[in-house]
Amino acid sequence: MKAIKNVQLFDFVDYKENQYLIFDDTIVHRGSMEEFPEVSKQYNINQITDGEGGLVIPALVLCHTHIYSSFARGMALPFNPKNFLEILQQLWWKLDSKLDLEMIYHSAYCSAMGYIKHGVGTVIDHHASAKDITGSLEMLKKAVVDDFGLRGMFCFESSDRFDIDLCIQENLKFHSSVEHGLYNSHFGMHASMTLSDETLGKIKEVLGDMPIHIHVAESEMDQQDCQSKYGISVIERLDKFGLLNPCSLIVHGIYLSEKEMSITAERGCYLVLNPLSNMNNGVGLPDYRKIKSRGVKCLLGNDGMSNAVANEWQALLFSMHHRYSDPLGFGLDDLQQIILNSYEYANSMLQTKLGRFDKGYQADFMLLDEQNITPIDGSNALGHLFFGYAQSLRPSHFWSGGKLKMEDYKILGDHEEKRKRSVELAKKLWKDLS
Ligand SMILES: [Zn+2]
């Protein structure tokens, strides 16, 4: 049994001062420090962390990323895109064409270290690798879940760019192995513009009740392609094939009509926003107000831009203020709802309890150094987190499933050999691509 004492607890709803937690893989006791000497005697506690007045928050859920993009950091390829499709053609589709299983494993291994450093405990990944499709999801899971004890959801981006039967098999094979609590999977699809009607039909035949994970209307080109080939919008096309199972992830949704937003909400799908990526690609920004008014539940991802998600909180709030030319165009209450949605979603998909400090909830949380320079209480704790920590949220300690993964900013274990191997593999990949 372990304990953390002398901390403030904030779970994005309740703020409690001067608290302790006693936990193994789940939280077994929470209370005020006055009770701790007495209560702690009832348990065989062999590891106590003194939080010294720091703030403990639940580990974060990153709802859309691309671990395979890790090796693009610092990569220089000829790059002169005129539009979104050319960004894919000149960068991402080249990168994913050469990734092998060893590269995938090492990119996930190094990413997992990044997630811990940035307080991410659950990762939802959307993977592509043409060279090695079969076995790729197992590599991601091995690094993120088996080696680091984080939680994850993985899927392969089925696309007509690849051998589609292998993509379908990879999604199905991995899904058959899922272990609730630790990891799950989606049926991955790249985007409407790289999926023929024949492929959508094939996917429907095997999909069952699996939620899909797909980019939708990330740029206007996805809608234009769909309208010109099929005469309907992307969401209508996916719905026509019966692919919008509950808990499906619709990613980006920048160019959704109000009708498409309503279909997304009615089918129980979630929309994952990725504001930093959208700004980086120059593709526009989602219309959050309309999306909210149509009752669509939103989540937040980083689209592979980093290993963090708290910086996306800021990107979303600031970009929406900018989009609407309104300093009240998106509030901390909107952000709070999106963060709470992420725990609701993870709990539903993983069949676990994340995101609260109540008895029986998973011991997935982080300790942030005390940095208060103004009073903090339940009414402004999210504001403290947003303006005081989010731009570079770096916990000093991080636990997943009750296991300490990082102590005093240092990830436990020896990871140097794998990090060095990752540099070698990236070098090889870049050479292959040049
Ligand atoms: Zn993406």
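1. Basis of the model. The model is predicted, with local features requiring pLDDT of at least 70 and side-chain atom pairs counting only at pLDDT 80 or more, whereas totals for chains, interfaces and linings use all residues. Residues are numbered from 1 along each chain as its sequence is written, and side-chain values rest on heavy atoms, with hydrogens and water left out.

2. Overall form. The protein chain comes to 15 helices and 18 strands, where helices (H or I, at least four residues) and strands (E, at least two) are DSSP runs numbered from the N terminus. Its radius of gyration is 22 Å, which agrees with the value near 22 Å for a compact globule of 434 residues; the radius is taken over C-alpha atoms, and the globule rule is 2.2 Å times the number of residues to the power 0.38. The C-alpha trace spans about 70 × 50 × 40 Å along its principal axes. Of the 434 residues, 59% count as buried, that is, under 20% relative accessible area, with exposed meaning over 50% and partly exposed in between (1.4 Å probe, protein chains only). Among contacts (heavy atoms within 4.5 Å) between residues at least 6 apart in sequence, 74% join residues at least 24 apart.

3. The five-stranded sheet. Strands pair in parallel in an open sheet of order β10-β11-β12-β13-β14, pairing being assigned if DSSP finds at least two bridges between two strands. Since β10 (187-191) and β14 (297-300) stand at the edges with a single partner strand each, one side of each is left without a neighbour in the sheet. Neighbouring strands are turned by 25° against each other on average, direction ignored; the axes are lines fitted to C-alpha atoms, for helices over the stretch in contact, with angles running from 0 to 180 degrees between N-to-C directions.

4. Pairing around β12. Four bridges join β11 (residues 212-216) to β12, and valine 216 has histidine 252 as its bridge partner in β12. Between β12 (residues 249-252) and β13 (residues 270-273) there are three bridges, again in the parallel sense, with isoleucine 250 partnered by leucine 271 and valine 251 standing opposite valine 272.

5. Helix α9. In α9 (residues 258-266) the buried residues are Glu260, Met261, Ser262, Ile263 and Thr264, and their cover includes α7 (220-230), α8 (234-240), β12 and α11 (288-293). Just after this helix, glycine 268 takes a positive phi of about 75°.

6. The zinc site. His64 (NE2), His66 (NE2), His215 (NE2) and Asp303 (OD) coordinate the zinc ion at 1.9 to 2.1 Å. Donors are N, O and S atoms within 2.8 Å of the metal (3.2 Å for Na, K and Ca), and because water is not among the atoms, sites may look incomplete. The spacing of the donors along the chain is H-x1-H-x148-H-x87-D, and both histidine 64 and histidine 66 are buried. With angles of 94 to 153° among the four donor atoms, the site is irregular: tetrahedral would need all angles between 85 and 135 degrees, while square planar (four donors) and octahedral (six) need opposite donors over 155 degrees apart and all others between 65 and 115.

7. Glycine 301. This residue is found in the loop between β14 and α12 (310-324) and is buried, with a relative accessible area of 0%. Not counting residues up to four places away in sequence, glycine 301 touches Leu62, Cys63, His64, Val272, Leu273, Asn274 and Glu312.
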